[in-house]
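This briefing is meant to be read alongside the structure shown below.

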Amino acid sequence: MKYGTEQINEMQSIIDAVNKEFSDLNDQKSSLIAQKEGLEKEFASLSGKLGWKEKYLSGYLGGNKELVQEATSSQVEIQKIEEHLASVDQKLKEKPERLRKEISSFLQSNDPEYAELIASRKSHFKLYEASKAYYGLVKKSHQGVIDALLFLSWEKLINHPEAGEKLAEFKKATSDFQVVADNFIATTKHQLGDRSNLVELIKLSSQHVAMSSFENLIKQVKYYTRYTDKYLKKSKGEIQEYRSTAFELLIQD
């Protein structure tokens, strides 16, 4: 983790630009507050002039309609400013996340080690999400077979007209998940413990063999999920620490 003068200057320019943007927002907030306070005083003054005809009859029956309109307009303007202020406040809260994204983007372009950390985390996250989805499918399919066996024998179930379609869909989903797992191994330095071909684990020669197949699939995909989840939790802290350290070096130098 070492940066040259050009990189340090570039990072500083990025930080300065973000600080300038949010400084402008703070100035805008101050201006809006001042406008709001002025309008509130104006509204209070106008409200004090409203009689019962203005308050309850909107100025009809001899009341001052122009005064009512003026007070109403003032109140509408106050509401608009309050909405604008709320929007500005929300944007101001985004500064820490904005800085994080800017720093992360800079490091990904200028620090190969950081870029590798991010790429690895993305690969793990993709496998993690795919593992969770596939695990849900396996559990649902497993339970579906168990429920069906309450009404059908294994022989009748396996020869049911819809069984072939369901099996083909399940094998397709398994094959798709296998591709994600294989791509993970090909694009990262991390190896999965058991690299069994999941499609080959699907065996239906008997009810006992089929149930064992589901159990093996569940065991395998649970391993993938635990493995990636553990890495994601660990890498999140590592990336945050790396980013903080890099930022300190860039600013100090």
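Helix α7 gives the most to the lining of the largest pocket, with 7 residues. The structure is a predicted model, and the points below are grouped by topic.

**The largest pocket**

- The space in the largest pocket comes to about 710 Å³, and 24 residues line this pocket.
- Among the lining residues, S141, V145, A163, K166 and L167 lie nearest the centre of the pocket.
- At least two lining residues come from each of α5, α6 (154-158), α7 (161-187) and α9 (207-252).
- By residue class, the lining of the largest pocket divides into 15 nonpolar, 5 polar and 4 charged residues.

**S235 in helix α9**

- S235 is placed in helix α9, and it counts as buried because its relative accessible area is 1%, where the cut-off for buried is under 20%.
- The side chain of S235 is joined to the side chain of R121 by a polar contact of 2.8 Å.

**D111 between two helices**

- D111 is found in the loop between α4 (95-110) and α5 (112-148).
- With a relative accessible area of 5%, D111 is buried, since the value falls under the 20% cut-off.
- A polar atom of the D111 side chain lies 3.1 Å from the backbone nitrogen of E113.
- D111 and E37 are 74 residues apart along the chain, and their C-alpha atoms are separated by 49 Å.

Notes. Residues numbered from 1 in each chain as written. Predicted model: local features only at pLDDT ≥ 70, side-chain atom pairs only at ≥ 80, totals over all residues. Heavy atoms only, no water. Helix = DSSP H or I, 4+ residues; strand = E, 2+ residues; numbered from the N terminus. Buried < 20%, exposed > 50% of the residue type's maximum accessible area, 1.4 Å probe, protein only. Polar contact = N/O pair within 3.5 Å; in protein donor to acceptor, adjacent residues only side chain to side chain. 1 Å grid on protein atoms, 1.4 Å probe; cavity = no way out; pocket = protein on both sides within 12 Å on 5 of 7 lines; lining within 4 Å. Points joined across faces, edges and corners; volume = space filled by probe spheres on them. Nonpolar A, V, L, I, M, F, W, Y, C, P; charged D, E, K, R; others polar.
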